[in-house]
Amino acid sequence: MTAPHAPITGTGTDQDPVTIFGPDFPFPYDDWLRHPAGLGQIPEASHGSEVAIIGAGMAGMVAAYELMRLGLKPVLYESRRLGGRLHSEPFKGAQGVVAELGGMRFPLSSTSFYHYLNRYGLEIRPFPNPLSAAASSTVVDLEGVPVYIESSADLPPLLKEVGAAWQEALESEASLSAMQAAIRRRDVATIKRIWNDLVPTWDDRTFYGFIANSPAFTRHSFRHLEAFGQVGFGTGGWDTDFPNSMLEILRVIYTNCDDDQYFVVGGVEQVPRRMWQDQPEKLAHWPAGTSLEKLHHAAPRPAAAKIERSSDDGIRVTDIWGDQRDYRAVLVTCQSWLLTTNINCDESLFSQKLWMALDRTRYMQSAKTFVMVDRPFWKDKDPQTGRDVMSMTLTDRLTRGTYLFDLGDDKPGVICLSYSWMSDALKMLPLPVEKRVRLALDALQKIYPDLDIRRHIIGDPITVSWEDDPNFLGAFKGALPGHYRYNRRMYCHFVQRDMPAAQRGIFMAGDDIGWIPGWVEGAVQTSLNAVWGIVNHFGGSTHADNPGPGDRFDELAPLELPD
Ligand SMILES: Cc1cc2nc3c(=O)[nH]c(=O)nc-3n(C[C@H](O)[C@H](O)[C@H](O)COP(=O)(O)OP(=O)(O)OC[C@H]3O[C@@H](n4cnc5c(N)ncnc54)[C@H](O)[C@@H]3O)c2cc1C
């Protein structure tokens with residue numbers, strides 16, 4: 001299936017889908033991408049000029065692809081592998097069976113991301129989230145009591161009350177329906193009115209504070225709050241986000257990030273890899289058949305080790321082997337902490353206020369452990385009860401979320417035995433893969449005492465702890481209360497007109513620069529901001545009929561809070 005076509009700005013109706021449109025900067029990135037006039041033009045004199053792009057994840061790849069189409073020559077540096085946190089690790093000995101170590105479920109509201117995914121005709125299927133049709137059944141196991149659920153009608157009263165309380169809290173404290181109606185209509189004035197009222201209040205408060213103080217929850221017991229933390233909404237338990245700024249949670253809910261999610265058959269990493277090989281039909285300057293792969297002689301440059309100013313108009317990038325190249329523009333897409341740990345970045349390239357924001361970024365930890373199994377055996381029925389022998393499982397035990405991937409009755413299946421964040425992920429950090437698998441299987445054995453999962457496992461298990469990798473240092477940003485100003489500084493950096501000359505020419509993109517960390521759409525949208533900034537930096541412009549994010553910045557700019 002393909003993603004819905006979002007409306008061209010101003011023609012939206014209440015029937016249009018909810019998309020990741022704002023609320024902080026409601027610019028229609030999807031319309032900008034689709035417009036026949038294209039993203040802009042670069043003066044011919046600059047055609048073929050090199051632009052350094054540090055990091056070949058989705059943000060780096062989108063920028064490289066679009067800048068190539070505009071006639072510039074992107075030079076990608078990558079320290080690990082193409083795709084970055086879109087990492088689909090193949091199980092050995094099987095064709096097309098992967099463990100999605102990073103991004104794995106993609107809401108249809110990610111319309112700019114789907115713009116690229118759809119281009120390659122990749123097959124997507126509904127993600128087997130709790131209580132979704134794709135999961136067939138769900139087991140919620142709290143305090144040692146597993147409850148088998150096939151539809152929301154089977155939910156025990158406690159979980160029904162928790163679900164109703166959450167909806168009520170969102171309506172009464174955060175005008176959920178009004179905001180979603182405005183997002184559907186792409187009604188910028190209403191989005192701004194609702195959001196700008198909420199930002200000063202909720203920037204100071206945690207997700208936990210929102211729940212614990214909402215009358216929708218205070219009329220119930222602590223048990224409700226606890227169950228919400230374990231079972232949460234949409235994709236599973238969210239108590240690991242309880243310390244985060246409530247603004248971050250509201251963005252996810254408003255823009256349906258946690259709804260209508262799909263996985264990519266064969267792995268999402270195919271998207272950046274196809275972009276690397278893609279030979280776009282319409283491109284300035286370059287001959288037909290040009291691709292990023294060809295411009296790079298089939299491999300990106302190695303890791304960037306140093307970034308410094310080389311002249312008034314030049315920025316020098318030195319790679320880990322000492323090769324030095326000068327560029328008029330550099331785009332950094334790796335996680336921002338790496339600018340202080342892995343890359344020797346000249347301090348004068350950013351203002352001290354921006355350094356404060358880059359360094360205060362807080363990353364969440366995340367661990368996942370996968371096994372491949374001989375077949376989707378979980379669909380077998382228990383002869384006594386008639387139920388699935390195993391289900392998508394949410395629990396307060398150490399596995400937290402167990403997801404089952406059915407690739408067809410004639411194919412191996414994949415089980416994500418455990419997907420955990422923060423302290424649950426830290427419990428796994430020092431442990432080797434075998435121990436992680438054993439602990440997960442032991443926990444699941446307590447929930448499914450009559451099922452022997454072990455005898456279905458084939459191939460080697462696969463695990464990841466993102467915080468353990470020096471190329472990332474964490475899974476994704478999780479903004480804390482008081483971080484709105486920092487987010488704003490990073491996000492707005494692509495509009496450089498008011499900056500001192502010494503700070504211009506270096507750009508940033510990636511999901512940690514954006515407002516919805518942990519979602520690839522943020523990586524794409526911030527990358528498109530950087531494309532606009534770089535076009536502008538080279539003296540280029542957008543088409544009058546298709547203004548870009550920087551052209552509409554003054555009208556759409558995120559609310560500024562006093563320092
Ligand atoms: C556990 C997990 C689960 C997720 N789940 C989802 C999901 O379900 N849905 C969703 O939409 N999104 C999800 N995401 C988020 C999504 O994966 C990211 O938003 C997206 O992949 C980020 O792309 P990026 O280009 O911003 O960063 P990255 O992919 O991190 O790319 C940056 C690149 O920079 C490279 N690099 C680092 N240092 C250097 C250096 N010195 N020189 C050169 N290169 C360097 C890195 O190796 C990396 O390849 C998840 C992420 C994680 C980690």
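Predicted model: local features only at pLDDT ≥ 70, side-chain atom pairs only at ≥ 80, totals over all residues.
Let us begin with the overall layout. The domain assignment divides the chain into domain 1, built from residues 40-84, 267-363 and 474-556, and domain 2, spanning residues 156-261. Between the centres of domain 1 and domain 2, taken over C-alpha atoms, there is a separation of 32 Å. The two domains touch through 11 residues of domain 1 and 15 residues of domain 2. On the domain 1 side of this contact, eight residues are nonpolar and three are polar, with no charged residues.

A helix pair comes next. In general, two packed helices can be described by the angle and the distance between their axes. Helix α5 (residues 176-185) and helix α6 (residues 188-202) have axes that come within 8 Å and cross at roughly 150°. Because angles over 145 degrees count as roughly antiparallel, α5 is roughly antiparallel to α6. The crossing of α5 past α6 is left-handed. From α5, the residues A178, M179, A182 and I183 make the contact, meeting T190, I191 and I194 of α6. Sorted by class, this contact of α5 with α6 holds six nonpolar residues, one polar residue and no charged ones.

Methods. Residues numbered from 1 in each chain as written. Axes fitted to C-alpha atoms, helices over the stretch in contact; angles between N-to-C directions. Helix = DSSP H or I, 4+ residues; strand = E, 2+ residues; numbered from the N terminus. Parallel < 35°, antiparallel > 145°, perpendicular 65-115°, else oblique. Left-handed = near helix turned anticlockwise from the far one by under 90°. Contact = placed C-beta atoms within 7 Å. Nonpolar A, V, L, I, M, F, W, Y, C, P; charged D, E, K, R; others polar. Domains from an automatic or database assignment.
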